[in-house]
Structures are given as C-alpha cells and as structure tokens.
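Please look through the sequence and the structure shown here before reading on.

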Amino acid sequence: MKTRKITDNLTWFGAIDWDRRLFDSLIPLPDGTTYNAYLVRGNEKTALVDTVDPSMTDVLLRQLEDVPCVDYVISNHAEKDHSGAIPAVLNRYPDAVLLTSDRAVNVLVDSLNIDPQRIRVVKDKETVDLGSRTLEFLYTPWVHWPETMVTYLQEENILFSCDFLGCHIASSELYVTDKGRVGEAAKRYFAEIMMPFRVHIRKHLDTLSKYPIKMIAPSHGPIHTDPTFILDAYREWSAEEPKNLVAIPFVSMHGSTAKMVDCLVENLIDKGVNVERYDLADSDIGKLATALVDAATIVVATPTVLGGPHPLAAYAAVLANALKPKAKYLSVIGSYGWGGKSVEALAGMIPNLKVEVVEPYLTKGSPDKTDCDAIEKLAEDIAARHKAL
Ligand code: FEO
C-alpha cells in the first residue's frame, strides 16, 4: 500500500485491513477497517500522527522507507490499533520523540514497553512548531479511553481525531464520498464504543466548535472534507433525547416468543411507533447497538431456559447495560414452559439503565388471543409514553 498525498505538507500513511471481521474479540467488522496515520512536514521538523495496528507494522515501515527523518511521533490514543507500531517506528528513528497526553504515558510504557525517556508529555492546548506548520494538542478524555486527545494542524485547519468521529470501513477511497454508507458505519461505531461517553463527547464537540475545521482526518475510515456532516451527526447521537423507536432484541426456541414479538411489532406499528427487531440467534450485535443510539424503549423478548432468560437475551442485556443507551423505558415479554424468573434475572443485569419498567408480560406455552390482547395493551402503554417524548 503506497502513501497518498493530501496536501503539500500532509500525507496519508497506514493500512487497509480488508479482512478483519472482529475487533476486541467482540465488535463485528462487516466492512473491515483502516488504520490511518498521517505524516506532517514542516520546514524544519516532521511529525507522524498515530501509527497502525501491530499486524500492519511492516506495511507502515515499508512506507517510511522514503522518509529519512521523523522528529515526532504523536500518540493520540494508546490503544494498540493506533499505537502498536510505535516501538518499531521509534526504533527506526532513534532521535524521534513520542508526544502524548499525561494519562497515556503509563499505558504506553506498560503495554508496549516503550522507554519513558523517549516520551514527552504535551499539555492540553500545547503547540509544537514544525517550522511553517504548527500542531496543537487538545485533550479529549474518554473518547473512549481516559487518555485520548486529538491533534489540530493550525495552518491548514485539519483535525486528526483518531477514534473520535471515525468509522470502521475498509475502502480504497481516501475521502468520504458516500455519506450514506459512511454515516451508517459511523453511527454503528459510535454505538459500539462511544455511546457510554455521551457527556464527554458533547463537551468535546463544544471545544471543537471554537476551531475552524476544514478537514477531519480520523484514524479509522475515510477523511471528512465536509466536517459539518459528521460533527452534526455526533451532536444528534450524543444528545439525551431518544426517538420514537422500540428496539426488540429477541430469541425464540420453539416459536412462541417469536409469535409474541410479531404481535408486539404489529401493534406498535399500528400505533405509530417505529420498531427495530433483532433475532439474537442470528444477529449482528452492531446493528442492535446502533438501534440503541435512538431507541426510547427496549423490549427484551426471551423464553425461559433453566429457570432464567435465554443466555443470548442475557448477553443482550449485559451489552445494553455496558453501552448505557438513552432509552427511557424497558419491558420484557416471553414464553415459558414450566416457570422461571426471567424478568427478575434480566432486571439484575441492567443496573446502569435509568429506565421506567413498563409492565412485563410472560405467558405459559404458545400464545393465544388473551396473550395477544395483553401484548396489544403493552403496545398501547409504550405508544402513550412515546407521545410524551
Ligand atoms: Fe481505534 Fe480505541 O482504538
């Protein structure tokens, strides 16, 4: 993979990971990802902003063969998909200094065994003069780790945002061209790793609003030449107001719970409520996470297995608890064979969710008309709450 010129003083380095299908052994990557690094050349100094995943170190080192000197390596974020090649780059350039935030130092030293003598902490809003080009570092903690920062190239109004404002797409396109595709991937990405940190994100968006930004160059996904597109999307996603949407993660063993879900979906739509339904036995959890960005209500639908919720429903509940979505209401429906405590067990798995519980409804065996009437009542209760949003 060859490097790509962005401006006279700025070049894309990095790797396209077409085949990666899982991140953190958790997050599905249906479209792969990229690890973007950027080389900024001033009249006097050269800086490399972020590196690549350890698996792509050789790609980056080959690209750097034509770069005789790197004075600074900047670590915006210590997670290894961006910092993993730092040791090799520092080894290649023995005089290079690693610039990073105060909270990143221990992480970089502990996880990558970097010599602390090679590291210089930059403060929030500190600048580094490259000669004709100036880099400003802005602390943006908790997007999505505590040490995160972004780097702003003052003379060109370009923001290197690392994870922030990025998305997982392996693409040959250096710049955003298909906003529909990138917007969907960016929302999924926000849902999977940024959603729990909405308060921090809103604060950082306010900080960035004071800077003229012509281009946002993230470390995953294509470069934004229309920054308003992604900044406005982040404002919407990080706001606390949910939408008229019910997310229904469900699992059904013999069809009874699925019938109840169908009944609920039909009645919600009839009452003007939007629905996203996910069969947990065959679902991409990234799609469920994406629905949780907007949903005002979550209804978990599960049969009872071994006295509790189906393990896949339990997994969805644990995931939702970790992502801390903005949902205001929650309910549970499902079918059981001989009894159990699904509702109590699920309730214990979601302490982070500040939700009102709308009366759950469980039935024994295959649902009949009485059960559908009860579910219609649940749909009415949810619709009434959504009207007040
Ligand atoms: Fe792309 Fe948090 O690493």
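## A residue in a strand, and its surroundings

Thr134 lies in strand β11, which spans residues 134-139; strands (E, at least two residues) and helices (H or I, at least four) are DSSP runs, numbered from the N terminus. This is a predicted model, in which local features need pLDDT of at least 70 and side-chain atom pairs count only at pLDDT 80 or more, while totals for chains, interfaces and linings use all residues. Residues are numbered from 1 along each chain as its sequence is written, and side-chain values use heavy atoms, with hydrogens and water left out.

Thr134 counts as buried because its relative accessibility is 13%, where buried means under 20% relative accessible area, exposed over 50% and partly exposed in between, with a 1.4 Å probe and protein chains only. The side chain of Thr134 makes a polar contact with the side chain of Glu155 at 2.7 Å; such a contact is a pair of N or O atoms within 3.5 Å, and within protein one must be able to donate a hydrogen and the other to accept it, while residues adjacent in sequence count only if both atoms are side-chain atoms.

Glu192, placed in helix α5, likewise counts as buried, because its relative accessibility is 14%. The C-alpha atoms of Glu192 and Ile285 are separated by 9.0 Å, although these residues are 93 residues apart along the chain.

The table lists contacts (heavy atoms within 4.5 Å), leaving aside neighbours within four places in sequence.

| Residue | In contact with |
|---|---|
| Thr134 | Thr127, Val128, Asp129, Tyr152, Leu153, Gln154 and Glu155 |
| Tyr234 | Phe164, Leu165, Gly166, Tyr189, Phe190, Met194, Ile201 and Leu205 |
| Glu192 | Ile27, Pro28, Gly286, Ala289 and Leu323 |

## Cores and domains

A nonpolar core is a set of buried Ala, Val, Leu, Ile, Met, Phe, Trp, Tyr and Cys residues joined through side-chain atoms within 4.5 Å. The largest one has 60 residues, of which Phe164, Leu165 and Tyr234 touch the most other members. Helix α5 (residues 179-194) gives the largest share of this core, 8 residues. Apart from it lies another core, of 29 residues, among them Val59, Val67, Val70 and Tyr93.

The protein chain is divided into domain 1 (4-238) and domain 2 (247-382), with bounds that come from an automatic or database domain assignment. Their C-alpha centres lie 38 Å apart, and the contact takes 14 residues from domain 1 and 15 residues from domain 2.
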